[in-house]
Amino acid sequence: MRITDTADLWWKNAVVYCLDVETYMDWNGDGIGDFAGLAQRIEHLADLGVTCLWLMPFYPTTERDDGYDITDFYGVDPRLGTHGDLVEVIRTAKDRGMRVIVDLVVNHTSDKHPWFQAARRSKDDPFRDFYVWRSDPPPDTSAQVVFPDKEDSIWELEEKTGEWYLHKFYKTQPDLNVANPRVRDEIAKVIGFWLQLGLDGFRVDAVPFLLETEGIDPAEAERFPDPHEYLRALRSLVDRRSGDGVLLGEVNLPHDQQAEFFGGTDGDELTMQFDFIAMQAMYLSLARADVAPLVDALTARPATSPDNQWGTFVRNHDELTLDKLSDDERAEVFGAFGPDPDMQVYDRGLTRRLPPMLAGDPRRIRMVYSLMFSLPGTPVLFYGEEIGMGENLAAEGRLAVRTPMQWTAGRNGGFSSAAPGKLPGPVVEGGFAPEFVNVADQRRDPDSLLSFMKLLIRRYRECPELGWGEYEVLGQPHPEVLASLSSWDDGALVALHNLGPEPRTVPLVLAGCGSTHRLEDLLTVGSAALADDGSVELALEGYGHRWLRVVAEGSRRLL
């Protein structure tokens, strides 16, 4: 396959960047980020090398769940701008070679959404069946709530009608009844509307909850016998409307269940899924300085269709969940990276960003991002990771990592000219405050994390074997070292990562290679010769990392 044959599967080697418009850049000085500010910062993203922009919810909202409680699926929050401002961002991004996807949050609505306002008034209202109701008192469901510090049941009594409505998340977010064909039609209309404005797909929120029929009357559930058939229909809709659109799904389940949401070997459901299991295993490996948990997670991944892809990440916009680790394993990660209770949430995750967890050690921070980009899948960055932003633990829960973007060392980190009290959240303080961590200073520093991330992304984009190829863990004797080989077409890349503080010499044997091959460093200047049997010994510093391209005599690949 030629590299030119892969354009319609652009997401295979994309670099995805997630941001919240509200906290990214305020252009009109009211304290709230807006689309006008984002448009002014598209050049930063283009310079970084981002190829896909993921926008968190920008819809009208009651702001009870940071935008995930939506009152109008077709609208734009007026604090952020207008539809015209959004279209300008899409146009500007595409002019710089970036696709744009947005959050699709259709598992639930806000309780202030007109549909629910109508549904709660009367049992006979046409919108009543848009939601899930029960007339008998519910059993104890405290074990099923997603936010145990806020809710103690997934059912809430609506006193006016004397019935309970279902809400897997907050009680202000009633679940939609996906068994209702009218609801499914509305979801299709929402998807079609945003694709028509030029978007390239969606990050689909809480996919298993969206397809869940628990709590729905059994007779009604018969109208929705196969949730995965509906997911296939949504994928088909996106394919028809956009040609190369993507559905990037949030499915935090065991691997075998995740495979079902890809559509099995047919690959006709979600285009991509985040690999939560590999992410959590990576933190356990970092805590132990032992790559075994990460290797086990990667090798346990189910096979996927060529029409699917895993999304790799260091953290996302929620808490850093560790729910797939055992209690003892989770305690290890807590002890290493979040020992204080205010760093933990729900006994299952951390409200921290990577740099503070690693005490700001630039060797470890760069090694981890090099590792992420070398893993099989599509890398997804959360805004601020490119400069090493920290968190503000004074903010509640997930908001600790959703702080204003740090552009300069000035007031509010250059995010806004408004008074600090008008911002959507507090700016990071302490050693990771804007005076120490910001874009402007790092742009001028060739040794900054930002400069390193630009190089890393550029090399990743030049190595299609990382997004497209076969991934193999190479045998070598050091438990703290991960050695891997990614191969695709006529290209091959060796990646080495040392999770420990001591330098190591790593012996490798590359099958099918010999003295007519050599290894060329891609992140620094250097090379290594292979022996006739394909063997080589490679030096690796403490917390070191290396990317080495396998080069044969006469190769025309760029180095």
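Two strands count as paired here if DSSP finds at least two bridges between them. With that in hand, welcome to this predicted model, where a closed barrel of 8 strands runs S1-S2-S3-S7-S8-S9-S10-S14 with parallel pairing. From one strand to the next, the twist averages 25°.

Strand S2, residues 52-55, runs parallel to S3 and is joined to it by 4 bridges. S3 also pairs with S7 in the parallel sense, over 3 bridges.

| Strand pair | Sense | Bridges |
|---|---|---|
| S2 and S3 | parallel | 4 bridges |
| S3 and S7 | parallel | 3 bridges |

How enclosed is S3 by the rest of the structure? Largely so, because 5 of its 6 residues are buried; for this step, buried means under 20% relative accessible area.

**Helix H6, lying across the strands**

H6 lies across S3 and S7, and runs at about 135° to S7. The helix covers residues 181-196, 16 residues in total, and its first and last C-alpha atoms are 22 Å apart, close to the 22 Å expected at 1.5 Å a residue. At the start of H6, a side-chain oxygen of asparagine 180 comes to within 2.9 Å of the backbone nitrogen of arginine 182.

Which residues of H6 are buried? They are Val183, Arg184, Glu186, Ile187, Val190, Ile191, Gly192, Trp194 and Leu195. An α-helix has 3.6 residues a turn, so residues three or four places apart point the same way. The cover over the buried residues of H6 includes strands S3 (99-104) and S7 (201-204), along with helices H4 (83-95), H5 (114-119), H7 (207-211) and H9 (227-242).

**Glycine 198, on the way to S7**

After H6 comes glycine 198, with a positive phi near 110°. Glycine 198 sits in the loop between H6 and S7. Leaving aside residues up to four places away in sequence, glycine 198 touches Ile90 and Lys94.

**The annotated domain**

Finally, a record: an unreviewed UniProt entry lists residues 22-402 as "domain: Glycosyl hydrolase family 13 catalytic". Over residues 22-402 the chain is 35% helix and 12% strand, and the end C-alpha atoms are 10 Å apart.

Methods:
Residues are numbered from 1 along each chain as its sequence is written. This is a predicted model: local features need pLDDT of at least 70, side-chain atom pairs count only at pLDDT 80 or more; totals for chains, interfaces and linings use all residues. Side-chain values use heavy atoms; hydrogens and water are left out. Helices (H or I, at least four residues) and strands (E, at least two) are DSSP runs, numbered from the N terminus. The expected span of a helix is 1.5 Å times one less than its number of residues. Buried means under 20% relative accessible area, exposed over 50%, partly exposed in between (1.4 Å probe, protein chains only). Contact means heavy atoms within 4.5 Å. A polar contact is a pair of N or O atoms within 3.5 Å; within protein, one must be able to donate a hydrogen and the other to accept it, and residues adjacent in sequence count only if both atoms are side-chain atoms. Axes are lines fitted to C-alpha atoms, for helices over the stretch in contact, and angles run from 0 to 180 degrees between N-to-C directions. UniProt positions are given in the numbering used here, feature names are shortened, and annotations may be inferred rather than shown by experiment.
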